[in-house]
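Colleague: I have a chain here that I need to get my head around. Can you walk me through it?

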Amino acid sequence: MVAAAPAAMAAVDPDQAALDALVRARLAEEAGNPAEALAALQSLASQAPDLPGLRAEMLERAIDAGDLVAARSAAAALWTSGDQRFDARLVLVVDAMRRSDWKGAQAYLGTAQDDKSGGDAISRLIDPALSAWVDVGQRARQPERALVAAATRGRPEPAYALEAALVQLAAGQSDAAVAAALETTPTDRLSQLVALRLVASLDAARQKDAAQTLRSRIALAAGEREDPLLLLPEQAVTNPRAGAAHWLALVADTLARLPKSNARLPLTFARAATWLNDQDWTARSALADALARSDRAADGAAFLGELRGPLPPVLRMRLAELTAEEGDRAAAVKIAEEAVTGDAPRSLLVRFADLARQSDDAAAAERAYTRLEAALGDGDDSAPLRATLLVARAELRLQAKDWDGAAPLMQRALALRPNDPTILNFVGYSALERRIDVDRALGQIEAAWKAEPQNASITDSLGWAYFLTGRTDKAVELLEQAQQGEPENAVIVEHLGDAYWKAGQRFRARYTWRAAALLAEEDMAARVAAKLEGGLTPQTTAP
């Protein structure tokens with residue numbers, strides 16, 4: 001058998017083997033399995049090493065899979081061939097920094113060039129900080145010089161200036177760092193996040209007064225710290241690898257927040273950040289989110305779950321949300337409740353309540369809403385949120401068919417916000433569904449509609465109220481308007497079909513019900529099917 005192996009291998013068609021590897025790579029990529037796709041591409045490279053674009057794709061899959069060895073190999077091959085694309089350069093810089101090869105890292109950083117992918121713009125964003133941190137590693141006399149030069153060119157000036165102070169502090173230049181920190185005011189979100197990292201580093205360097213002064217200028221840090229990154233433990237930056245990781249993680253988070261941004265860049269920078277410092281909480285948060293945005297929620301959850309020791313509450317809540325995305329809602333609720341033990345911030349309680357509701361765990365959601373309401377003050381500024389919480393709690397009671405428990409909550413919400421159209425509509429429509437005090441409910445919905453006539457949901461409520469009170473022509477007019485606003489809302493479409501039938505427009509009613517049947521969930525689907533079979537009856541009228 002061993003002697004026959006070479007002959008059998010020789011009989012394999014190289015072109016067919018290459019095609020098979022390419023197909024395996026594509027299927028694995030479509031299935032969201034970058035490690036398997038990378039293995040197939042590596043097999044393809046052994047068959048057709050000069051295939052155009054192969055090394056670039058191997059680099060991307062290696063970054064996706066978190067395989068630094070494979071990423072470094074692909075990046076080096078691209079570099080040798082003259083393709084100095086920014087992601088290859090980033091991987092080579094990160095690899096050099098991991099090995100404390102500061103001269104090698106600086107050599108790669110000095111080769112930025114324009115490319116069609118927009119890598120030059122990205123380089124301008126990351127290179128000053130990376131160069132400065134490399135200079136810290138090289139013990140340069142002025143490691144901040146690249147950041148200072150970048151700060152004079154405009155945005156993001158405060159972030160660069162504050163990062164320069166962080167670099168000086170890590171280099172042991174405390175006096176210069178304090179002076180720079182105190183003369184720079186953080187403005188945008190990025191600069192405020194850099195400032196908070198600088199505050200932690202100043203504290204660690206026993207520069208308490210400077211840290212306190214800088215913190216007082218950070219708007220994000222004032223009051224309740226609801227920004228997800230602000231809920232992470234504060235971490236000082238004390239060495240160049242940690243410094244570069246922190247900057248790349250912030251860039252990843254910033255890019256992910258841009259309108260219409262893709263997941264590729266945030267994932268690339270977050271992966272690079274964790275390769276440099278896998279204990280950086282911002283990097284871990286950015287990578288988990290980037291994986292989720294790439295339709296890899298399971299990988300994001302696994303990445304967070306693999307950490308030894310306790311997760312910060314905000315990352316534990318993110319783990320719960322990713323677990324829910326993967327379908328294990330019971331486990332997600334348990335993880336989420338662990339995230340809000342103790343004195344949890346308001347934003348985490350809201351996220352816990354939302355997750356519990358989506359998981360049909362009404363008891364857990366009620367616990368979250370009750371805690372939120374108890375945490376509110378008695379001032380007028382808390383009235384809107386308190387009313388919203390009362391409505392949410394009432395909705396839970398209504399889902400449990402507990403009208404007697406829901407009604408007092410709704411009345412308390414109305415007392416707090418008597419002119420709020422959303423609350424008026426919710427209270428009125430809830431009564432309307434149960435045919436309780438229909439005239440009063442109609443008045444509440446009319447008041448809501450006068451405030452927001454363009455709101456399709458409120459327009460539907462008013463149209464349905466007119467249907468139930470016998471004003472069919474006005475009902476049809478309003479329900480048609482609502483359906484135009486939300487054509488895929490199954491409730492509105494069913495209401496319109498019922499109104500058409502009552503108005504004598506039987507053909508249009510059946511046509512509309514068929515449309516509702518395509519959108520309906522189980523209970524509605526059965527009711528609509530009965531109407532299509534036997535027409536509208538009191539028993540098949542929408543609630």
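Modeller: A definition before the overall numbers: a residue is called buried when its relative accessible area is under 20%, exposed when it is over 50%, and partly exposed in between. Also keep in mind that this is a predicted model.

Colleague: Fine. What share of the residues in the protein chain is buried?

Modeller: Of the 543 residues in the protein chain, 50% are buried.

Colleague: And how many helices and strands does the secondary structure come to?

Modeller: There are 30 helices and zero strands in the protein chain. Taken along the principal axes, the C-alpha atoms fill a box of roughly 85 × 75 × 40 Å.

Colleague: What part of the contacts comes from residues 24 or more positions apart?

Modeller: Counting contacts with a separation of 6 or more, 55% are between residues 24 or more positions apart.

Colleague: Give me two residues and how far apart they are. Say Gln16 and Ala406.

Modeller: They are 390 residues apart in sequence, and their C-alpha atoms are 67 Å apart in space. Gln16 is in helix α2, residues 14-30. Its relative accessibility is 39%, so Gln16 counts as partly exposed.

Colleague: Now Leu198. Buried or exposed?

Modeller: Leu198 is buried, with a relative accessible area of 0%. The residue belongs to helix α12, residues 189-204.

Colleague: What is Leu198 in contact with, leaving aside its neighbours within four places in sequence?

Modeller: Leu162, Ala165, Leu166, Leu169, Ala181 and Leu214. Separately, Leu198 and Ala236 are 38 residues apart in sequence, with 7.2 Å from C-alpha to C-alpha.

Colleague: Switching to helix packing. At what angle do α24 and α26 cross?

Modeller: The axes of α24 (residues 421-433) and α26 (residues 456-468) cross at roughly 35 degrees and come within 10 Å. The crossing of α24 past α26 is left-handed.

Colleague: Which residues meet there?

Modeller: From α24, the residues are Pro421, Asn425, Tyr429 and Leu432. On the α26 side they are Ser457, Ile458, Ser461, Trp464, Ala465 and Leu468. By class, the contact has seven nonpolar residues, three polar ones and no charged ones.

Colleague: On to aromatics, then. How many aromatic pairs does the structure hold?

Modeller: Five aromatic pairs. One of them is Trp79 with Tyr108, with ring centres 5.3 Å apart and planes at 85 degrees.

Colleague: Why is that pair edge-to-face?

Modeller: Planes over 60 degrees apart count as edge-to-face, and the planes of Trp79 and Tyr108 are at 85 degrees, so the pair falls in that class.

Colleague: Where do Trp79 and Tyr108 lie?

Modeller: Trp79 is in helix α5 (residues 68-80) and Tyr108 in helix α7 (residues 102-109), so the pair ties together parts 29 residues apart in sequence. Trp79 is buried at 17% relative accessibility, whereas Tyr108 is partly exposed at 24%.

Colleague: And the rings of Trp464 and Phe467, how are they arranged?

Modeller: That pair is stacked, because the ring centres are 4.3 Å apart and the planes are at 5 degrees.

Colleague: Which arginines lie over the face of a ring?

Modeller: Arg284 lies over the face of Phe303, at 4.7 Å from the ring centre. Arg506 lies over the face of Trp501, at 4.0 Å from the ring centre.

Colleague: Last topic, backbone. What is the phi of Ser100?

Modeller: Ser100 has a positive phi of about 60 degrees, although it is not a glycine. The residue sits in the loop between α6 (86-98) and α7. With 36% relative accessibility, Ser100 counts as partly exposed.

Colleague: What about Arg206, what is its phi?

Modeller: Phi of Arg206 is near 65 degrees, again a positive value in a residue other than glycine. Arg206 is in the loop between α12 and α13 (208-216). At 73% relative accessibility, Arg206 is exposed.

Definitions and conventions. Residues are numbered from 1 along each chain as its sequence is written. This is a predicted model: local features need pLDDT of at least 70, side-chain atom pairs count only at pLDDT 80 or more; totals for chains, interfaces and linings use all residues. Side-chain values use heavy atoms; hydrogens and water are left out. Axes are lines fitted to C-alpha atoms, for helices over the stretch in contact, and angles run from 0 to 180 degrees between N-to-C directions. Helices (H or I, at least four residues) and strands (E, at least two) are DSSP runs, numbered from the N terminus. A crossing is left-handed if the near helix is turned anticlockwise from the far one by less than a right angle, and right-handed if clockwise. Contact means heavy atoms within 4.5 Å. Ala, Val, Leu, Ile, Met, Phe, Trp, Tyr, Cys and Pro count as nonpolar, Asp, Glu, Lys and Arg as charged, and the others, Gly among them, as polar. Rings of Phe, Tyr and Trp (its six-membered ring) pair if their centres lie within 6.5 Å; planes under 30 degrees apart count as stacked, over 60 as edge-to-face and the rest as tilted. Buried means under 20% relative accessible area, exposed over 50%, partly exposed in between (1.4 Å probe, protein chains only). A charge sits over a ring if NZ of Lys or CZ of Arg is within 6 Å of the ring centre and within 35 degrees of the ring normal.
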